[in-house]
Every structure is written in C-alpha cells, then in structure tokens.
Amino acid sequence: MDKKVLQSVRAALPAAVALILIFTLFAPVKAGVSPEVGRAIGNASLGSTAIIGETNLSFVDASGVLISEGVIKSNWQDSHIIISFKGPFDSSEEPKLVEGEYKVEGTAANATINDTISTIIYFVLPKLDANVKVKGEDFSWVTQGGNITFEAHTYLSIIKGPLPNNITYKLLDPDGLRVPEEDVGENVSLENIDVSENGENTVTINTAKLDTDTRPYRLSIETDPETNNGLDVEGPAVSFEVRSVGVEIKAKPEEQTVTEEIVFSVSTTPHTFISLNVTRGEELNVWFNEGAGIGEPKTGGHSAFGISDEDGLFKAVASFTETGNYDITATEHEVQTKNRTSVKITVLEPELTGLEEGVYYIGEILEISGSADAGDRMTIKIDDDVFKENVELGDVYYLYTEDLSPGTHEIEMWVLPISDPETDLPDVSETIVLIRGGLFAETYAKDDIHTGFVARGDDFIVKGTVPGRDRVDILTIAPKGGGRVGLNPDDIFGETDGKMNAPGLTHHTCGVTEDGEFKTTWIKANEDADTGIYLIPVLSYGRDRVWGMSSSDDLLSVLTNGFSSSLEVKTSEQILEILKDKTINEAGSDDLLGIATIKVEEGFVELDELEDVVLGSELEVSGITNRKVEKSIIVTVEGLGENATKLKPKFIEIEEDEEQFYNKFKDSFETATAKVGEYLVTADDGDGHTATTTVRILPAVEPSVNVRTTPTPTPSPTPAVEGGNESVAAATPTPSPTPTPTLEEKGEEEGEEQPGEEQPGFEAAFCVAGLLLAVVWLRRKRTREREKKRNK
C-alpha cells in the first residue's frame with residue numbers, strides 16, 4: 001500500500017475509534033449508567049460535569065476525540081492538584097480530588113504523533129439532601145396514622161446514560177433498625193426511586209404502622225451504584241417524631257373570674273381542622289369570641305372551630321358567665337385525636353378600688369371606684385349621704401376631703417341592679433379617718449443634705465410636706481427684723497411695686513405635689529446679708545383659699561392691712577406674731593404654719609492641725625468650712641526658705657460631715673518629690689476666706705544596727721588566807737598540772753567554769769568588725785541611690 005495512503009488511514013483511525021465508542025455507549029441516552037459501561041465527559045453533547053465518587057469516567061475533547069491517558073490538573077488560582085490517569089478514571093479512589101474546575105490534558109487514543117489534546121471538566125460533591133413535610137410544610141412530627149412526605153434533592157441527573165438514576169430512602173426506627181416497606185403504606189416503595197429527570201423526588205407514606213416514641217425516626221438517601229456509575233454514598237439524615245396524640249391545648253390563665261377572658265392555645269399539625277368543645281361544665285356558660293385568635297375560620301358561640309396555621313397553631317378566646325370547673329377539649333380532625341385542659345372560674349367579690357382603709361389628711365383628693373363580677377352600675381354613699389348615684393361600675397370618681405370634717409367616715413357601695421341602696425345592706429364598705437394636715441419644713445444644702453447654716457454668697461432650698469394642699473408661701477425674716485439687711489433687701493419692694501419696703505424680709509411661693517411635698521427654688525444669701533439666725537415661716541391657706549378670715553390670698557397685703565402699715569420697723573418676733581394673728585390664730589381659720597430656721601454666717605475655712613511627715617509618705621490635709629457642699633477649697637503646700645519646692649495645688653470638693661455641724665474637706669499630697677524642710681499649707685475658698693498652718697517634712701529615718709560584744713573577764717585579786725592565829729597574804733602559787741575531770745566530776749561541778757573552757761577572744765572581735773563594715777557599706781549604698789533619684 002502507498003505510504004501516503006497508510007499515513008492517512010492511521011491519522012483517521014483515532015477519530016473513527018472515538019466515534020464508534022461514543023455511538024456505542026451513548027446512543028440510547030436516558031440518565032443513569034452502570035459502572036461496567038461507564039461514561040465520557042468533556043464536550044457539549046456529553047456534558048462536562050462529574051460527581052466525585054463515580055468509578056468509570058472517560059474524557060474527550062471538544063470534538064469528541066478520546067483522551068486515552070494524561071493528567072487532570074486543578075484549574076483555579078493557588079491550587080496544584082495533578083492526577084495522572086490511563087484509560088478509565090475512578091474518582092472514588094482519588095483522595096486529592098476536591099470540588100472545582102479541572103483541565104484534562106493527554107494524548108488521543110491510537111495517535112501516531114505525540115500531539116496533546118485537552119478539555120475542561122468539573123467535579124462536584126454528591127448532593128443527597130432529604131427533607132420531611134407535613135401538609136406541604138416543613139415540620140418535625142406527625143400524628144400516628146397521618147401522612148408524611150419525603151423529599152429528595154440530588155445532583156444525580158448529571159450522570160447521563162441509558163439507565164435511571166436510582167436512590168433509596170433509608171428510614172430507620174428509633175432503635176436504629178430499618179423500617180420494612182410493608183410498614184409505610186400500600187403500593188409505596190422506598191427503594192429504586194428514579195430521580196433521572198431533575199435529581200428530585202417525593203414519596204408520601206402513611207404512619208399508621210409506625211411506632212410512637214419520644215425518640216425520632218431518621219431518614220437519609222442512599223445512591224444505587226449500579227445505575228449511578230459506581231457512585232455509592234449516603235446523604236445526611238433528618239429526623240421526625242411519630243406521636244400518638246396530634247393535638248395539645250393549654251389555657252392561660254387556668255383560673256379566672258367570671259366574665260374575664262381565657263386564651264386557649266392549641267398546637268397540632270399544619271393546616272389541620274380543629275374544634276374546641278366544652279366537655280365538663282355547662283356549655284351555655286361558655287362564650288367563645290368570634291374572630292379572636294389564630295387560625296381560619298374562627299367561629300364564636302359555645303364552641304370554636306378553625307384551621308391551624310402553617311406552624312400548626314390555633315388560638316381561641318372565651319369567657320365564662322358562671323363559676324365552676326370546666327373542661328375544654330380540642331380535637332384535630334386529621335386522625336381524630338383529642339386532648340383537653342381544665343379551667344376554674346371563680347367569683348370576684350365586689351370591692352371599692354382606688355383607696356384603702358386608713359388615715360388621710362384633710363385636703364387630699366381620693367380616687368374612688370368599684371368592681372364586681374355581676375352588675376354594671378353602682379351607687380356610692382359617704383356617711384349615708386349619696387356621693388354618686390347609679391353611675392357606671394368601674395369608672396373613677398374623685399372625693400375632695402376639704403369638704404369633710406376631721407374624724408371617721410364610712411364609704412359604702414351598692415352594685416346595681418343586684419342590690420337596692422334603699423333596702424339592702426351595702427355590698428362593700430370601707431372606713432377612713434381624716435385628720436387636720438400638718439405643715440413641716442426644713443432647709444437643705446442639696447435635695448438630700450439637710451443644713452442649719454449658709455455662708456454669705458451661698459444658697460439653700462426649703463423643703464417640706466403639707467398633705468392635701470396645693471401651694472405654700474415662704475417668708476425669710478432677718479435676725480433683727482424688717483428694717484435690717486436680709487437675704488435680698490430689694491425683694492419685697494420689687495414684688496409690691498414699691499407699696500411696701502422691708503429689706504429684712506423676702507417672700508417666695510411654690511406648688512405642692514400630689515404626694516404633699518414642696519421644694520423651693522434656690523434662695524441665695526446676699527453678700528451683705530446680716531449674720532445670725534433667720535426665721536423662715538412657711539404657710540399654706542385652707543380650702544377657702546384665703547388667709548385667715550380675710551378675703552385675700554395675697555399674704556403681704558394681709559400682713560400690712562392692704563399695705564397701710566409697715567413691717568420695716570418691726571422686730572423678727574413682732575413680725576412672726578403679726579403673721580400668726582392674721583392667719584392660723586384667726587377664729588375658724590384652717591391655715592397651716594410651719595417654721596424653719598437657718599444661720600447666716602460669714603464664710604470661713606479652718607485647717608485641722610497637721611502632723612510632721614517623713615519624706616516620701618503622704619501628707620494628709622483636712623479641715624472644716626461653712627461653704628456649700630460640692631464647692632471646692634483650693635489647698636496649696638509651699639516650702640519656706642531658699643530653694644524651697646511647691647507641691648501641686650489641689651481643688652478639694654466640700655462634703656457633708658454627718659458627725660459635726662459644719663462641712664468638711666480632706667485630701668492627701670505625695671511628698672516623694674519634695675525637699676526636707678518646713679512648708680506653709682493654705683486653704684482658700686476662692687472668695688477671700690483662707691486658713692494657713694505649717695508642717696515639716698522630715699528626712700527618712702536610716703536603719704541602725706546594734707552590736708553587742710562579750711567583755712574578756714578581768715582577774716580578781718587573790719584573797720587573803722587565814723590560818724591559826726595569823727593572817728597572811730596568800731602568794732600566787734606556781735601552776736601545777738590539773739587532772740582531767742571524769743564525767744561524774746563534771747556532773748557534780750555543773751554550772752561552774754571548768755578549766756580549759758574557751759573564753760571570747762579574736763573570733764568575737766572579727767564578727768564585730770564584719771558587722772560594722774556591713775553597716776557602713778549599706779549606708780553608702782543608700783546615699784548613692786538617693787542621689788541618683790534626685791538627679792533624675
């Protein structure tokens with residue numbers, strides 16, 4: 001044969017072989033394929049995607065030429081997966097294979113020349129998701145005997161071939177055993193389920209033969225490797241319960257009074273018809289509200305009907321007209337299971353609301369109302385006199401106690417039409433005691449800090465209580481009367497438009513809260529105000545809203561007889577007597593008076609005695625002042641003499657001192673950077689009131705070492721020796737050898753100095769010298785360290 005012809009035949013042979021292979025394998029395409037046959041991927045007609053786990057894969061290029069051997073390379077950035085293959089490729093045996101895009105490169109089958117061909121393919125992970133639904137809703141349980149639907153969502157339809165892509169629903173009971181097919185309903189199979197069309201499928205089973213258990217059933221999807229090119233995997237499991245009773249009902253509250261509402265909450269499967277019925281107690285006493293609750297429809301009357309929502313919830317609201325114990329039973333009409341709940345209905349005794357039995361001040365406004373299970377109107381009497389007649393039960397009415405006298409009062413209520421106020425005893429009654437209200441007032445430096453003094457230039461407030469009143473008038477009277485310089489000398493003249501001049505007085509008014517409390521704005525003591533004790537009368541007029549027996553609510557006008565007399569020439573005692581005579585001492589007056597006092601002083605600052613401190617320790621500075629709490633005292637510490645140092649000044653906040661009359665201030669200064677010497681400490685309130693004292697900062701005490709030595713014994717004089725009738729001075733004898741004493745002799749001579757004992761000598765001297773040298777070295781070391789600190 002001609003060489004050129006032979007070369008042409010050889011060149012065309014791979015393409016012919018590839019075409020034969022393709023037509024042989026894929027002409028009758030449906031979906032699945034067996035692992036013995038396998039499938040090819042790589043071009044538009046065959047597809048380019050495979051599932052990791054397929055066991056027989058071939059690769060072709062875009063024109064359909066088979067790549068008989070080569071490499072599979074990951075085709076994304078920073079990835080270096082390279083897998084070699086020759087002939088069919090088994091993806092289940094490649095641990096390096098992950099989801100993604102790959103490029104296949106290699107040689108064509110039976111190629112005569114070493115040309116490389118390639119294609120792009122994709123590997124994906126198996127998707128085998130199972131789901132359970134009840135009546136079209138994702139749900140986690142089903143009533144025994146009801147239906148439940150299994151759903152499969154997979155990628156298996158990409159495995160194309162002449163066979164179906166089959167799966168099996170793997171259903172395990174609570175003990176982990178596979179549920180037989182005969183237990184899932186007639187003509188229902190969980191095996192060989194075809195998902196060829198789009199990878200999905202649904203199967204509905206009946207649960208009549210499944211066991212009820214609080215433990216769940218488990219559902220997963222298994223692939224059939226014989227129809228999915230060897231893919232043999234199981235997907236994740238989902239769980240569901242099978243319950244013997246498909247409905248729960250709860251009442252809230254479980255105990256209620258007549259005519260009040262109870263909410264019944266029902267839990268069942270989605271879109272299930274529900275009915276509520278009275279199964280104990282008189283049905284006619286129960287009324288379900290129409291349209292109230294959750295679910296459609298909601299029918300009212302003596303029973304309720306409706307359909308649960310997508311979450312299986314249904315609610316109804318009912319009220320009861322008679323007392324007793326009732327059972328309300330809920331029925332789900334899917335499998336006809338029932339459940340019930342019990343409620344108790346009681347009677348609410350009639351009661352007066354808004355007030356309690358007790359003591360009240362005349363002038364307080366009391367709220368009165370009534371409540372009861374039955375009836376809809378009421379009549380209220382006070383001391384047998386009608387207060388409100390045939391009015392709405394439950395409405396609130398106000399009792400103004402200013403119109404009542406001090407003493408005991410009976411408040412009674414009749415519920416209509418059940419009781420007759422003319423013939424029946426009251427349904428409920430309460431007793432209250434009214435007393436004449438008092439007035440109490442005090443001076444404060446703050447809302448919560450009481451004070452008995454104020455410095456010139458500072459301010460204070462007056463606080464107190466006067467139950468049942470709505471206004472108070474406050475006067476301040478200078479120590480020596482109306483003609484002296486008071487807290488604000490121009491106050492009265494300005495308020496009366498010049499009709500009255502009393503520089504020793506000021507006048508203020510303020511309202512009273514519903515709780516009977518009052519508080520003025522800040523009252524300032526003028527810089528030139530007289531010092532001494534100021535009287536502060538606080539007054540409140542009565543229910544006639546005028547002072548004393550006058551017809552005026554203008555206190556200053558009443559005190560001066562219409563400004564015809566002057567308070568400027570009156571002493572503080574005289575002004576107070578006039579005040580009483582015109583108000584509380586008038587016959588028949590119901591005015592109230594309370595008196596507070598405050599001492600006005602020149603501002604001062606005093607320092608406590610200071611103790612000398614050692615350099616490096618804290619210097620504590622404290623003192624007292626009559627300046628207002630929360631103001632600051634400026635304290636400075638300055639050295640005296642040449643090269644003296646200053647410590648950083650401090651602003652010390654004034655605080656209340658609960659143990660003494662005046663306020664206090666206190667803080668400490670660090671002395672580490674100071675020098676040894678005498679210092680001047682100054683406290684200044686910023687308004688010219690100062691105090692000074694001195695303190696010494698002493699050097700730090702150096703440690704000392706005491707050394708104790710044992711002196712060497714000094715020989716004593718030789719005693720005289722007496723013998724016979726002569727007295728002769730004993731001569732020093734010549735030393736002679738002394739025998740070594742035995743142990744017994746040592747015992748007898750215990751406590752005596754034995755010959756040969758060592759006496760303190762050179763060893764003690766050397767110890768003393770060493771200690772002295774150590775002390776000197778330590779002192780020099782500490783001196784050097786202090787010098788370094790100063791240099792820093």
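How many salt bridges does the count come to? The count comes to 27 salt bridges in this structure, which is a predicted model. The protein chain has 792 residues, and six helices and 53 strands are found in it.

**The chain as a whole**

- Of the 792 residues, 41% count as buried.
- The chain exposes about 43,900 Å², and carbon and sulfur atoms supply 49% of that area.
- Among contacts in the chain with a separation of 6 or more, 65% are between residues 24 or more positions apart.

**A sheet of three strands**

- Strands of a sheet pair through backbone hydrogen bonds, and the pairing can be parallel or antiparallel.
- Three strands make an open sheet here, in the order E44-E46-E49, with antiparallel pairing.
- Strand E44 (605-607) and strand E49 (663-670) are the edge strands, as each pairs on one side only.
- On average, neighbouring strands of this sheet are turned by 25° against each other, direction ignored.
- Strand E46, residues 618-625, pairs with E49 in the antiparallel sense over eight bridges.
- Val 621 has Asp 667 of E49 standing opposite.

**Salt bridges**

- Side chains of opposite charge can pair when their charged atoms come close.
- One of the salt bridges joins the side chains of Lys 170 and Glu 234, at 3.3 Å from N to O.
- Lys 170 lies in strand E12 (residues 166-172), while Glu 234 lies in the loop between strand E15 (213-223) and strand E16 (238-243); the pair therefore ties together parts that are 64 residues apart in sequence.
- Are the two partners buried or partly exposed? Lys 170 is buried because its relative accessible area is 17%, under the 20% cut-off. Glu 234 has a relative accessibility of 42%, so this residue counts as partly exposed.
- Another salt bridge is formed by the side chains of Glu 241 and Arg 243, at 3.5 Å from N to O.
- Glu 241 is partly exposed at 25% relative accessibility, and Arg 243 is partly exposed at 27%.
- Arg 340 and Asp 327 also meet through their side chains in a salt bridge, at 3.3 Å from N to O.
- This pair links distant parts of the chain: Arg 340 is in strand E25 (residues 337-346) and Asp 327 is in strand E24 (residues 324-332), 13 residues apart.
- Asp 327 has a relative accessible area of 7% and is therefore buried.
- Salt bridges can also join into a network, as with Asp 458, Arg 627, Lys 631, Asp 685 and Asp 687.

**A nonpolar surface patch**

- Which residues make the nonpolar surface patch of about 410 Å²? The patch is made by Ile 365, Val 396, Tyr 398 and Tyr 400.
- Val 396 is found in the loop between strand E30 (385-392) and strand E31 (397-400).

Methods:
Residues numbered from 1 in each chain as written. Predicted model: local features only at pLDDT ≥ 70, side-chain atom pairs only at ≥ 80, totals over all residues. Heavy atoms only, no water. Patch = residues over 30% accessible without salt bridge, like charges linked within 9 Å, V, L, I, M, F, W, Y side chains within 5 Å. Areas by Shrake-Rupley, 256 points an atom, 1.4 Å probe, with all protein chains shown as cover. Salt bridge = Lys/Arg side-chain N within 4 Å of Asp/Glu carboxyl O. Helix = DSSP H or I, 4+ residues; strand = E, 2+ residues; numbered from the N terminus. Pairing = 2+ DSSP bridges. Axes fitted to C-alpha atoms, helices over the stretch in contact; angles between N-to-C directions. Buried < 20%, exposed > 50% of the residue type's maximum accessible area, 1.4 Å probe, protein only. Contact = heavy atoms within 4.5 Å.
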